[in-house]
Amino acid sequence: MRGLLASSIGVTCAAALALPLTSPALAARPASPAAAGPAAVRQAPAAEALGGTQSLPLAPLASRDRTLAPVAEQGLPRRDVRHFSLVGVIWDDPDAVLNGRVQVRTRAVGTDTWSGWQDLETHNDDAADPGTAERTSGRVHGATAPLWVGDSDGVEVRVRAEADRRTEDTARGSRTATTTAALPTGLRLELVDPGESAPAPTRRETEVTGAAQRGTAGAGAARRAVAPRSAPTAEPAEARAAMDAAAANAGLAGLGATEIPALDRRQTEQELFALRAGELTAQQRVKPYIGPRPRIVTRRGWGADEGLRERKFVYTKKVKAAFVHHTASGNGYRCTQVPSLIRGIYRYHVKSMGWRDIGYNFLVDKCGNIYEGRAGGVAKPVLGAHTLGFNSNSMGIAVLGSYGSKKPPAAVTKAVARLSAWKLGLHGANPKGKTYLKSGGGNLYPKGRKVRLNVISGHRDGFATECPGWQLYRKLGSTRTTAARLQGR
């Protein structure tokens with residue numbers, strides 16, 4: 001992997017690019033699940049806004065099956081807990097596999113109603129490449145996929161190892177022996193409260209943004225209006241991180257934006273020439289194959305707490321391929337809840353699993369809304385942690401939900417096609433084509449092997465997994481065709 005580390009943007013420049021939490025345009029969107037936009041995020045006190053994680057150790061359960069050893073069945077009896085909305089199970093060794101079944105049931109806040117048992121996906125194969133700083137930090141854990149359960153204050157969990165039955169030949173004839181593998185060590189239940197919002201903007205951020213919005217010369221004038229000496233010498237780390245994340249999208253959206261607006265084809269081509277003027281071939285300058293830029297909700301738009309992630313951004317060389325995922329977090333969310341759902345996944349990836357940031361580069365909800373994932377700039381080749389072995393020179397698009405048996409809505413496949421047509425077009429990639437990626441190591445391809453893949457691939461094409469679910473995976477052919485058409489091919 002040949003990622004390039006880019007230092008965070010300085011406080012002085014970033015101060016002029018500070019963004020407020022919500023915009024009138026976003027707040028005005030309808031709250032219906034069928035509507036296109038996410039709901040405005042309600043302002044909350046800072047202590048409430050940050051959210052949190054309850055991490056509870058699992059213990060052996062008394063099993064009715066006497067053939068099971070105590071280490072083969074663990075869990076947590078029904079209990080009252082603080083509010084949470086997302087649940088997962090983690091363990092010590094990120095390379096250990098949980099061969100078994102993990103089930104939870106939860107109680108909705110303000111009721112005595114308990115859900116039925118729900119399964120957590122145990123093979124959560126989104127991860128940073130082996131040998132990278134993110135993978136070898138010492139903070140990384142093995143984990144199930146997280147499950148969205150809504151606002152809850154009661155939980156019960158059970159984890160049961162899978163029995164292995166083998167037939168053996170003996171001198172007296174065949175016999176079947178049943179053994180049960182031990183569960184991974186250090187099993188813990190993670191209950192995630194995503195919080196209400198990111199911390200509210202500071203007074204200085206509001207003043208800077210207000211001044212920029214009253215001006216008529218755009219972001220460039222706003223940057224010139226703030227002299228370097230006006231920046232404080234002791235800016236809170238969280239505020240600096242938020243400014244850096246916003247500054248990474250400079251030129252794509254104005255100050256105060258919680259979304260990057262859609263562009264038409266002509267505007268997108270002009271943007272391509274501005275972003276990559278010195279890198280385009282003569283053919284690309286004459287006929288740039290790129291889809292119109294779709295609307296993208298920024299990290300500020302979904303309320304990311306930038307103080308959670310690592311400060312520096314990590315980039316790879318280019319984007320040659322897109323890997324499509326599903327989050328396996330369930331389909332029981334409303335599209336108005338998506339900012340909260342993403343904040344929950346973000347916190348789970350960083351605080352529970354030990355990653356530097358949310359793993360995916362982009363996320364798509366079932367209403368077709370597109371969201372910025374890992375920080376560093378939506379138009380840049382940000383190195384993610386989405387497809388173990390193939391994170392370099394690729395991007396990860398995660399569809400929020402579980403699509404093993406459920407068909408994805410048409411809005412989902414259209415959004416994935418629009419996003420792919422634009423982002424791959426920035427790097428001259430044909431959505432209907434093939435490309436070669438070098439494996440960083442995984443369970444399908446050894447480290448160093450050059451693998452020929454579809455430019456738009458499913459997670460399962462680079463790693464032995466059921467992700468992105470069969471019903472979503474089978475739609476990738478039409479997604480490739482649509483994306484290529486949007487590029488003008």
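Guide: Let's start with a term. Helices and strands here are DSSP runs, numbered from the N terminus. Keep in mind that this is a predicted model.

Visitor: Fine. Where does Asn393 lie?

Guide: Asn393 sits in the loop between β17 (370-372) and β18 (394-399).

Visitor: What is the phi of Asn393?

Guide: The general idea comes before the case. Most residues other than glycine have a negative phi, and most peptide bonds are trans. Asn393 is not a glycine, yet its phi is positive, near 60°.

Visitor: And is Asn393 buried or exposed?

Guide: The cut-off for buried is under 20% relative accessible area. Asn393 has 18%, so it counts as buried.

Visitor: What about Ala328: where is that residue, and what is its phi?

Guide: Look in the loop between β15 (321-326) and α10 (338-352) for Ala328. Its phi is positive, about 55°, although Ala328 is not a glycine. With a relative accessible area of 16%, Ala328 is buried.

Visitor: You mentioned peptide bonds. Is the one from Cys467 to Pro468 cis or trans?

Guide: That bond, from Cys467 to Pro468, is cis, and its omega is near 10°. To find Pro468, go to the loop between β21 (456-458) and α12 (470-473).

Visitor: Now helix packing. How do I read a pair of helices?

Guide: Two packed helices are described by the angle between their axes and the distance between the axes. Take helix α7 (residues 265-275) and helix α11 (residues 410-426): their axes come within 10 Å and cross at roughly 30°. Angles under 35 degrees count as roughly parallel, so α7 is roughly parallel to α11. The crossing of α7 past α11 is right-handed.

Visitor: Which residues of α7 and α11 make the contact?

Guide: From α7 you have Thr268, Glu271, Leu272 and Leu275; from α11, Trp422, Gly425 and Leu426.

Technical notes:
Residues are numbered from 1 along each chain as its sequence is written. This is a predicted model: local features need pLDDT of at least 70, side-chain atom pairs count only at pLDDT 80 or more; totals for chains, interfaces and linings use all residues. Side-chain values use heavy atoms; hydrogens and water are left out. Helices (H or I, at least four residues) and strands (E, at least two) are DSSP runs, numbered from the N terminus. Buried means under 20% relative accessible area, exposed over 50%, partly exposed in between (1.4 Å probe, protein chains only). Axes are lines fitted to C-alpha atoms, for helices over the stretch in contact, and angles run from 0 to 180 degrees between N-to-C directions. Angles under 35 degrees count as roughly parallel, over 145 as roughly antiparallel, 65 to 115 as roughly perpendicular and the rest as oblique. A crossing is left-handed if the near helix is turned anticlockwise from the far one by less than a right angle, and right-handed if clockwise. Contact means heavy atoms within 4.5 Å.
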